[in-house]
Amino acid sequence: MISFHQVFKSYFVKGREVAALKPIDLQIAKGEVFGLIGHSGAGKSTLLRLINRLEEPSGGKIIIDGEEVTAFTKTELRHFRQQVGMIFQHFNLLSSKTVADNIALPLRLAGSLPEAKIKARVTELLARVGLSEHAQKYPAQLSGGQKQRVGIARALSTNPKILLCDEATSALDPQTTAQVLDLLAEINRELGLTIVLITHEMDVIRRVCDRVAVMDAGVIVERGDVTEVFLHPQHQTTQRFVHEAEGDGSPEQQQDFSKVQGRIVRLTFLGDSTYSPILGQVARDTHVDYSILSGRIGRIKDTPCGQLMVALTGDKAEQAEQQLRAAGVDVEVVRT
Ligand code: ADP
């Protein structure tokens, strides 16, 4: 659906070049939820805004749904932007307009639908985002979560193929964040919409994204399926994000097992193996003892997963590892 070929963006500040985005290649498939994560200044907003050409690239080619967006004329661009909805951290609603009128705005600006059809569409969108009873309220009368729901309904009004989310939950509390993310996941599932979101929170990525790219200083330093990146982060920036999300301190602190005896292994359980009583069974079969040094069990989008750091003691530790692997558990030896 979205394809970047050697796209880059530089800004010139007082005659000096700031490379916000170094040349990147990126492919985002139709119907996926793709996350971009990075610290402030990493280049996430720049990349996101290049998709609908709110920012002009300094070079490279962007192809969306088979069309070269970077070659569009102004008229083509205006038409194309109706196929790309966008939501923002601070909602960007018009305070002088009601909820219903905010949602209707893109359709009224496009001018292609009669008023009766616009009203019907707004009613349908209000129901989808759970705000039917608030149609005549003004933004100031709504909570943050409700405001973002209006933002989502407005973004969906023109029936876009792509939804861009610019830190859409960063101004919301954790519970409201979860509700808004669930709504985005539902929209992705039911409408088959491609969603690209940027965030600085790994938890947002874990909850809704299928794939993720980690950005640092204008470069994508790591990318892949969220399960793989979350469970086996390679780059230091990614490792920091994952550990922050887990609330277990820095990766360096985690690795201090100098006082622990035995072989240390990291076990990763994904899908059905997560809840199986395999560890006890292997311990009984091999007479290997295990002590759990750290652990986390949860979900990545819809997939249950768990990861345990375990010390194995006994003569048959390697046999225990083989048996775990045979049962579908990923075993990484951290220390022999
Ligand atoms: P992020 O969204 O990850 O915080 P941005 O894409 O906003 O990062 O910024 C990437 C880099 O580009 C930063 O160094 C930022 O200062 C710079 N930058 C962004 N927008 C502009 C601009 N309009 N003018 C000059 N520099 C900019």
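Which elements each supply at least two residues of the shell around the ligand? I found β1 (2-13) and α1 (44-51).

Before going on, I noted that this is a predicted model, where local features need pLDDT of at least 70, side-chain atom pairs count only at pLDDT 80 or more, and totals for chains, interfaces and linings use all residues. Residues are numbered from 1 along each chain as its sequence is written, and side-chain values use heavy atoms, with hydrogens and water left out.

I also checked what a helix or strand is here: helices (H or I, at least four residues) and strands (E, at least two) are DSSP runs, numbered from the N terminus.

**Entry 1: the ligand**

I listed the residues surrounding the ligand: Tyr11, Val13, Ala20, His39, Ser40, Gly41, Ala42, Gly43, Lys44, Ser45 and Thr46. To be near, a residue needs a heavy atom within 4 Å of the molecule. The largest share of this shell, 3 residues, comes from α1.

I sorted the shell and got 4 nonpolar, 6 polar and 1 charged. In this scheme Ala, Val, Leu, Ile, Met, Phe, Trp, Tyr, Cys and Pro count as nonpolar, Asp, Glu, Lys and Arg as charged, and the others, Gly among them, as polar.

Next I looked at distances to oxygen atoms of the ligand. A polar side-chain atom of Ser45 lies 2.6 Å from one, and a polar side-chain atom of Lys44 lies 2.9 Å from one. For Ala42 it is a backbone N or O atom, at 3.0 Å. The protein covers 61% of the 560 Å² of accessible area that the ligand has on its own (Shrake-Rupley method, 1.4 Å probe).

**Entry 2: helix pairs**

I reminded myself that two packed helices are described by the angle between their axes and the distance between the axes. Axes are lines fitted to C-alpha atoms, for helices over the stretch in contact, and angles run from 0 to 180 degrees between N-to-C directions.

How do α11 and α12 pack? Helix α11 (residues 278-286) and helix α12 (residues 317-326) meet at about 140°, with axes 10 Å apart. They are therefore oblique to each other (angles under 35 degrees are roughly parallel, over 145 roughly antiparallel, 65 to 115 roughly perpendicular, and the rest oblique).

I then took α5 (residues 144-156) and α6 (residues 174-191), whose axes come within 10 Å and cross at roughly 20°. That pair is therefore roughly parallel.

Last, the axes of α3 (residues 99-110) and α5 come within 7 Å and cross at roughly 30°, so α3 and α5 are roughly parallel.

Key:
A polar contact is a pair of N or O atoms within 3.5 Å; within protein, one must be able to donate a hydrogen and the other to accept it, and residues adjacent in sequence count only if both atoms are side-chain atoms.
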